[in-house]
Amino acid sequence: MERMFKTIVRFFGVTAALFSVSVASAVGPVVPPVADKGTDSVRPLVGKPKFSGYMIGRYQASLQDGNKSNSFDLRMARLSVGGRILDDFEYKIQGQINGNTSTLRNSPRIVDLFVEWQKYGFLKVKAGQFKRPFTFENPMNPIDQGFMCYSQNVSRLAGFTDRNGEHASNGRDIGVQLQGDFLPDSHGRNLIHYEVGVFNGQGINCSDVDNQKDVIGGLWVSPLEGMRIGAFGWAGSYARKGSCTVDGVTGPQTYSGLVSLNQYRYAFSVEYRKAGWQLRSEYIHSTGYSFKDTDSEDNIEVNGGAGNKSDGIYALCIAPVIPDKLSFKMRYDLYRKSAAWNTSKTFYEVGLNYLFHKNLELQCEYAFVNDRANSMKQNYGMLDFEFCLRF
């Protein structure tokens with residue numbers, strides 16, 4: 001435990017140091033601010049940085065016959081720093097560490113590092129590493145999302161532990177994005193939002209491999225306060241350079257080179273959030289093959305047996321029982337990894353979220369799982385308790 005704590009402190013210390021160096025490099029030598037003519041005001045180049053973060057501790061138990069387990073673990077800890085440059089730019093850098101630091105998937109890593117030009121509400125430009133503009137749920141904070149994990153279709157088809165085989169990327173990639181809001185109503189509330197970006201297609205902290213870019217975007221309307229109805233699209237690829245050995249007609253054969261797998265996805269989303277209520281549902285469909293080995297970045301064997309299609313849908317409700325204190329929640333969460341019912345996995349979840357303070361929350365739930373792809377035990381239960389602290 002002491003070793004893990006030292007690792008966390010060291011990681012966040014290095015993150016803060018790197019951020020300081022990057023900002024200093026970006027803005028050049030420090031120049032004394034010049035007062036505006038005719039006034040006593042001073043316009044700073046870089047505003048005072050704001051530090052924030054959160055930690056999520058978890059107890060989770062699987063009640064599956066023949067494969068029972070239960071464990072305490074650190075789901076994640078994050079530290080971020082952000083602020084403004086001049087009046088028109090916002091920056092953010094965020095690092096994450098998980099309880100297991102022995103593999104690429106869970107090692108300390110940078111998840112966000114971007115700058116956004118925000119002079120106009122109808123046209124903002126963001127560049128760096130950040131959330132892909134795909135689905136309503138993907139951009140949400142893990143605590144605000146409210147359940148023990150993101151829905152299966154978002155996790156598998158928006159870049160968390162993605163179906164295509166890329167390393168865990170928390171729904172993020174590196175690229176450039178345009179977004180904005182327009183058509184305000186009589187109360188000044190914008191009715192339409194758009195966002196579209198061009199990305200490497202390789203996930204976080206990785207350069208492009210096949211020199212092809214992903215184009216991802218979404219458009220939604222807000223007919224009522226608190227309501228959004230949207231659609232999203234994604235056209236791109238995921239690629240690897242490496243080798244693999246497969247069984248051939250005359251025996252094992254080794255192949256090497258570059259393999260690029262096309263990815264085409266779309267999503268339809270609807271959400272209502274107001275006065276403590278959350279109602280949301282999203283359907284995602286994907287066309288494109290995946291790599292067989294999800295733990296290696298250089299194994300180019302394609303998982304042909306999984307097919308080239310997958311889809312999923314979820315519907316959830318979080319309802320206030322005691323306003324700003326206690327909420328009841330339930331979720332239906334279905335994912336079909338080969339777009340067929342014999343490969344479906346469904347979670348039926350119920351639970352409670354309790355706020356001790358706006359920055360301190362306990363989330364509890366029970367899930368009944370139906371996994372048709374599991375030939376041994378298709379039905380079992382899960383328990384999950386998460387203690388969430390923000391600062």
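How much space lies in the largest pocket? In this predicted model, the largest pocket holds about 1400 Å³ of space. Its lining is made up of 46 residues, and Cys149, Ser155, Arg156, Phe160 and Thr161 are the closest to its centre. Two or more lining residues come from each of β1 (50–62), β2 (69–85), α3, β14 (344–357) and β16 (379–390). Among these elements, β2 provides the largest share of the lining, five residues. Sorted by class, the lining of the largest pocket contains 15 nonpolar, 17 polar and 14 charged residues.

The second largest pocket contains about 930 Å³ of space. Its lining consists of 40 residues, and those nearest its centre are Lys92, Phe114, Lys126, Lys131 and Pro139. At least two residues of this lining are supplied by each of β1, β2, β3 (89–97), β4 (109–120), β5, β6 (172–184) and β7 (190–199). By class, the lining of the second largest pocket comprises 13 nonpolar, twelve polar and 15 charged residues.

The protein as a whole has three helices and 16 strands. Of its 391 residues, 42% count as buried. Among contacts between residues at least 6 apart in sequence, 58% join residues at least 24 apart.

In soluble globular proteins, nonpolar side chains tend to be buried together. In this model, the largest nonpolar core has 21 residues, and those with the most contacts inside it are Phe134, Val154, Ile216, Phe232, Ala267, Ile284 and Leu316. The elements α3 (152–157), β8 (214–221), β9 (227–248) and β12 (309–322) each contribute at least two residues to this core. The greatest contribution is that of β12, with three residues. Apart from this core lies another, of six residues, including Phe347, Ala367, Val369 and Met382.

With residues up to four places away in sequence left out, Phe232 touches Pro133, Phe134, Thr135, Phe136, Glu195, Gly217, Gly218, Trp220, Arg265, Tyr266, Ala267 and Ser269. Two of these partners, Phe134 and Ala267, are also listed among the residues with the most contacts inside the largest nonpolar core.

Two loop residues were examined individually. Arg132 is located in the loop between β5 (123–131) and α2 (142–145). Is Arg132 buried or exposed? Arg132 counts as buried because its relative accessible area is 1%, and the cut-off for a buried residue is under 20%. The side chain of Arg132 forms a polar contact of 3.2 Å with the side chain of Glu166.

Which residues is Asn303 in contact with, leaving aside its neighbours within four places in sequence? They are Tyr289, Ser290, Phe291 and Lys292. Lys292 is eleven residues away from Asn303 along the chain, and the C-alpha atoms of the two are separated by 4.3 Å.

Conventions
Residues are numbered from 1 along each chain as its sequence is written. This is a predicted model: local features need pLDDT of at least 70, side-chain atom pairs count only at pLDDT 80 or more; totals for chains, interfaces and linings use all residues. Side-chain values use heavy atoms; hydrogens and water are left out. Helices (H or I, at least four residues) and strands (E, at least two) are DSSP runs, numbered from the N terminus. Buried means under 20% relative accessible area, exposed over 50%, partly exposed in between (1.4 Å probe, protein chains only). A polar contact is a pair of N or O atoms within 3.5 Å; within protein, one must be able to donate a hydrogen and the other to accept it, and residues adjacent in sequence count only if both atoms are side-chain atoms. A nonpolar core is a set of buried Ala, Val, Leu, Ile, Met, Phe, Trp, Tyr and Cys residues joined through side-chain atoms within 4.5 Å. Contact means heavy atoms within 4.5 Å. On a 1 Å grid over the protein atoms alone, a cavity is a set of points where a 1.4 Å probe fits but cannot get out, and a pocket is an open set with protein on both sides within 12 Å along at least five of seven lines; lining residues have an atom within 4 Å of a point. Grid points are joined across faces, edges and corners, and a volume is the space filled by probe spheres set on the points. Ala, Val, Leu, Ile, Met, Phe, Trp, Tyr, Cys and Pro count as nonpolar, Asp, Glu, Lys and Arg as charged, and the others, Gly among them, as polar.
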